[in-house]
Amino acid sequence: MRHEFMEALAKAREAHSLEHQEILILLQARGEEVDALGRAADAVRAKYLGDEVHLRGIIEFSNYCCRNCLYCGLRRDNRKLRRYRLTPGEILAAARKAAGLGLPTIVLQSGEDPHYTAPVLADIIRRLKEEVGVGAVTLSVGERSFEDYRLWREAGVDRYLLKHETAGATLFARLRPGTTLQDRLLRLKWLRELGYQVGSGNIVGLPGQTLETLAADILLMRELDVEMAGIGPFIPHPQTPLAKEPPGELELTLKVLAVSRLLLPRAHLPATTALGTIHPQGRRMGLCFGANVIMPDVTPPPYRYYYQIYPGKAGLHEEMETTLVSLKNLIFSLNRRVGSGPGHSPKIQGGMEQ
Ligand code: SAM
Ligand code: SF4
């Protein structure tokens with residue numbers, strides 16, 4: 001192993017802080033260095049977060065989107081996609097089913113769909129908490145106004161997931177027409193001010209991205225001091241302008257995940273569905289490279305097929321019960337435990353930041 005690699009790894013393990021150049025050295029890991037990186041990330045995960053793997057049921061309640069992100073199959077210009085919206089009743093029923101299967105927390109995700117006004121979503125959130133008894137709600141519906149975020153927070157939303165996607169401002173503007181990294185970051189700041197547990201994250205392997213961009217992604221997530229970070233590979237969708245681009249690499253995604261764990265020891269990091277999609281053992285490997293969360297899809301079957309962010313989504317055609325059994329078996333096979341309770345950020349105790 002390279003001397004500079006071992007030095008950077010030791011520093012990351014001890015101080016959970018690295019310079020841009022040191023992150024690059026870790027991201028350049030090859031062969032046995034990759035294994036060493038994974039072991040270090042796994043040790044940090046065990047030390048700060050223990051062996052619990054939190055399961056968050058995700059309900060993808062609308063695939064309408066007014067944005068046109070070049071990488072995403074839900075983009076407005078994808079006219080081939082059949083669009084759907086779940087009614088409030090269908091969302092509550094899906095959450096009830098998830099609760100019955102032992103999933104205490106729910107993530108509500110959609111394209112950017114103005115059909116769901118802030119008061120409509122606020123009402124659904126209140127009912128999820130009061131009528132269904134959901135332990136914690138994460139919302140992930142993109143870029144909205146401060147007032148919308150405030151209303152949802154007051155209605156009881158605990159967490160908000162808004163991936164910064166890429167820290168390269170020019171790349172961001174090219175891939176997400178009509179939006180800017182600056183606006184995205186402003187919203188992450190608002191969410192922090194409003195008291196949300198904040199989730200960000202990036203896509204690994206975007207066309208035009210470099211290792212430098214990925215190092216900047218990791219430093220940005222550290223600067224934002226995020227409670228969660230979704231880190232997954234780019235998967236090309238055939239009905240997007242990036243259809244012919246190569247997918248993000250498994251090993252690079254695992255390295256970004258591991259370095260993120262080293263620098264964000266207390267953050268919740270999912271072994272993403274995208275990771276499970278590019279490799280059948282992707283989620284297992286993610287759990288061994290620092291991840292401590294899995295987000296099983298609990299969208300009702302007639303709809304979930306049409307939430308086509310990218311093709312070939314892992315577990316798409318399985319019954320929810322079957323998916324949960326195999327995920328639990330995966331967790332047990334790694335000598336880990338299924339998380340109990342809402343699985344709040346360890347930085348939060350009784351609503352107070354430590
Ligand atoms: N519309 C909201 C937003 O963009 O924040 C939430 C839904 S969006 C479908 C959820 C995530 O999907 C995005 O944050 C992005 O990282 C991811 N995504 C979209 N297209 C992807 C692709 N082709 N490969 C991997 N991840 C993708
Ligand atoms: Fe819409 Fe989100 Fe997909 Fe962009 S990533 S097209 S905002 S669903």
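## Axes and model

Axes are lines fitted to C-alpha atoms, for helices over the stretch in contact, and angles run from 0 to 180 degrees between N-to-C directions. Helices are DSSP runs (H or I, at least four residues), numbered from the N terminus. Two packed helices are described by the angle between their axes and by the distance between the axes.

This is a predicted model, in which local features need pLDDT of at least 70, side-chain atom pairs count only at pLDDT 80 or more, and totals for chains, interfaces and linings use all residues. Residues are numbered from 1 along each chain as its sequence is written, chains are lettered from A and ligands numbered from 1 in the order in which they are written, and side-chain values use heavy atoms, without hydrogens and water.

## H4 and H5

Helix H4 spans residues 88-100, and helix H5 spans residues 118-132. Their axes come within 10 Å and cross at roughly 40 degrees. H4 is therefore oblique to H5. (Angles under 35 degrees count as roughly parallel, over 145 as roughly antiparallel, 65 to 115 as roughly perpendicular and the rest as oblique.)

Contact means heavy atoms within 4.5 Å. From H4, the contact takes in Pro-88, Ile-91, Leu-92, Ala-95 and Arg-96. From H5 come Ile-124, Arg-127, Leu-128, Glu-131 and Val-132. Seven of the contact residues are nonpolar, none polar and three charged. (Ala, Val, Leu, Ile, Met, Phe, Trp, Tyr, Cys and Pro count as nonpolar, Asp, Glu, Lys and Arg as charged, and the others, Gly among them, as polar.)

## H5 and H6

H5 also pairs with helix H6, residues 146-155. The axes come within 8 Å and cross at roughly 15 degrees. H5 is therefore roughly parallel to H6.

Ala-118, Pro-119, Leu-121, Ala-122, Ile-125 and Arg-126 of H5 meet Asp-148, Leu-151, Trp-152 and Ala-155 of H6. This contact has eight nonpolar, no polar and two charged residues.

## H1 and H2

Helix H1 (residues 3-15) packs with helix H2 (residues 20-27) at about 115 degrees, with the axes 9 Å apart. That angle makes H1 roughly perpendicular to H2.

## Ligand 1

A polar contact is a pair of N or O atoms within 3.5 Å. A polar side-chain atom of Glu-165 lies 2.6 Å from an oxygen atom of ligand 1. A polar backbone atom of Ile-235 is 2.8 Å from a nitrogen atom of the ligand. For a polar backbone atom of Ser-110, the distance to a ligand nitrogen atom is 3.2 Å.

Terms used. Helices (H or I, at least four residues) and strands (E, at least two) are DSSP runs, numbered from the N terminus. A polar contact is a pair of N or O atoms within 3.5 Å; within protein, one must be able to donate a hydrogen and the other to accept it, and residues adjacent in sequence count only if both atoms are side-chain atoms.
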